[in-house]
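Dear colleague,

Please find the structure below, handed over for your own work.

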Amino acid sequence: MELLTAAGLSSAAGLNAYIPLLVLGLLNRFTSWVALPEGWGWLSNGWALGILAVLLVIEVVADKIPVVDSVNDALQTVVRPASGGLVFASGVGAETVAVTDPGNTFGSAQWMPLLIGAGIALVFHLLKSGSRPLLNLGTAGVAAPVVSTAEDGASLGLSLLAIALPVLVLVAAVGLAVLLFIGIRRLRPRKGAAAG
């Protein structure tokens, strides 16, 4: 179950880097739904939550503006996978060994959860960022706020589903990836149509 939770959280991070981090931190701080493993408690620190909230507001606003959203996606190519690695590593629960000595991280298997989560988040990020310019061109930018709001909702939904019903998160994540892939294929201009 911890692996499904972690995979769902890192998928959500590929759409919005800050929502799953905030969900984990807030639920750990204010409920008994999440008990972060030792070494990950900083996610529920008041300062960390405040910084994540400010970054989320910036992300939400930037992602609603055509062209700015593509620039934001380019910047987020590093941030979203990093967030995916963090939420995967913290989401696998007590089985995850906290990174206590960063210099020794790559000398042991401590980096594996970070790498797996970063990879999952990167796939969702690339699908998201690949579809956005096509949507902006096809709709003259009108779709940007609507699609961005849907992506934010999907990120929040995946995050909550990963924690509450991890069994369903795999179906939801695969379904979302398929929708993004189909959307990109349909929006991509056809070679024959461009020539004719």
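I begin with one residue at the start of the chain. Glu2 counts as partly exposed, at 38% relative accessibility; here buried means under 20% relative accessible area, exposed over 50%, and partly exposed in between, with a 1.4 Å probe and protein chains only. Helices (H or I, at least four residues) and strands (E, at least two) are DSSP runs, numbered from the N terminus.

Some conventions apply throughout. The model is a predicted one, in which local features need pLDDT of at least 70 and side-chain atom pairs count only at pLDDT 80 or more, while totals for chains, interfaces and linings use all residues. Residues are numbered from 1 along each chain as its sequence is written, and side-chain values use heavy atoms, with hydrogens and water left out.

Confidence and overall make-up

The pLDDT, the predictor's confidence in each residue from 0 to 100, averages 83 over the chain, and 85% of the residues score at least 70. The pLDDT is below 50 over residues 94-106, a stretch that has 14 contacts in the model beyond near neighbours in sequence. Contact means heavy atoms within 4.5 Å.

The chain contains eight helices and zero strands. Of its 196 residues, 45% count as buried. Among contacts between residues at least 6 apart in sequence, 76% join residues at least 24 apart.

Helices H1 and H5

The axes of helix H1 (residues 2-15) and helix H5 (residues 111-139) come within 7 Å and cross at roughly 35°. Axes are lines fitted to C-alpha atoms, for helices over the stretch in contact, and angles run from 0 to 180 degrees between N-to-C directions. The crossing of H1 and H5 is right-handed; a crossing is right-handed if the near helix is turned clockwise from the far one by less than a right angle, and left-handed if anticlockwise. On the H1 side, Ala7, Ser10, Ser11, Ala13, Gly14 and Leu15 take part, and they meet Gly117, Ile120, Ala121, Phe124, His125 and Lys128 of H5. The residues of this contact divide into six nonpolar, five polar and one charged. In this division Ala, Val, Leu, Ile, Met, Phe, Trp, Tyr, Cys and Pro count as nonpolar, Asp, Glu, Lys and Arg as charged, and the others, Gly among them, as polar.

His125, in helix H5, is buried, with a relative accessible area of 0%. Leaving aside residues up to four places away in sequence, His125 touches Gly14, Asp73, Gln76, Thr77 and Arg80.

Two further buried residues

Ser155 is part of helix H6 (residues 143-164) and is buried, with a relative accessible area of 0%. Beyond four places in sequence, the residues that Ser155 touches are Ala12, Leu15, Asn16, Ile19 and Pro20.

Leu49 lies in helix H3 and is buried at a relative accessible area of 8%. Its contacts, not counting residues up to four places away in sequence, are Leu22, Gly25, Leu26, Arg29, Leu43 and Ser44. One of these, Leu26, is 23 residues from Leu49 along the chain, and their C-alpha atoms are separated by 7.5 Å.

The aromatic pair

A search of the whole structure finds one aromatic pair. Rings of Phe, Tyr and Trp (its six-membered ring) pair if their centres lie within 6.5 Å; planes under 30 degrees apart count as stacked, over 60 as edge-to-face and the rest as tilted. Trp40 and Trp42 form a tilted pair, 6.2 Å centre to centre with 40° between the planes. Trp40 is buried at 5% relative accessibility, whereas Trp42 is partly exposed at 40%.

Positive phi values

Most residues other than glycine have a negative phi. Val67, in the loop between H3 and helix H4 (68-91), has a positive phi of about 75° although it is not a glycine. Val67 is exposed, with a relative accessible area of 61%. Ala140, in the loop between H5 and H6, likewise has a positive phi, near 55°. Ala140 counts as exposed at 71% relative accessibility.

With kind regards
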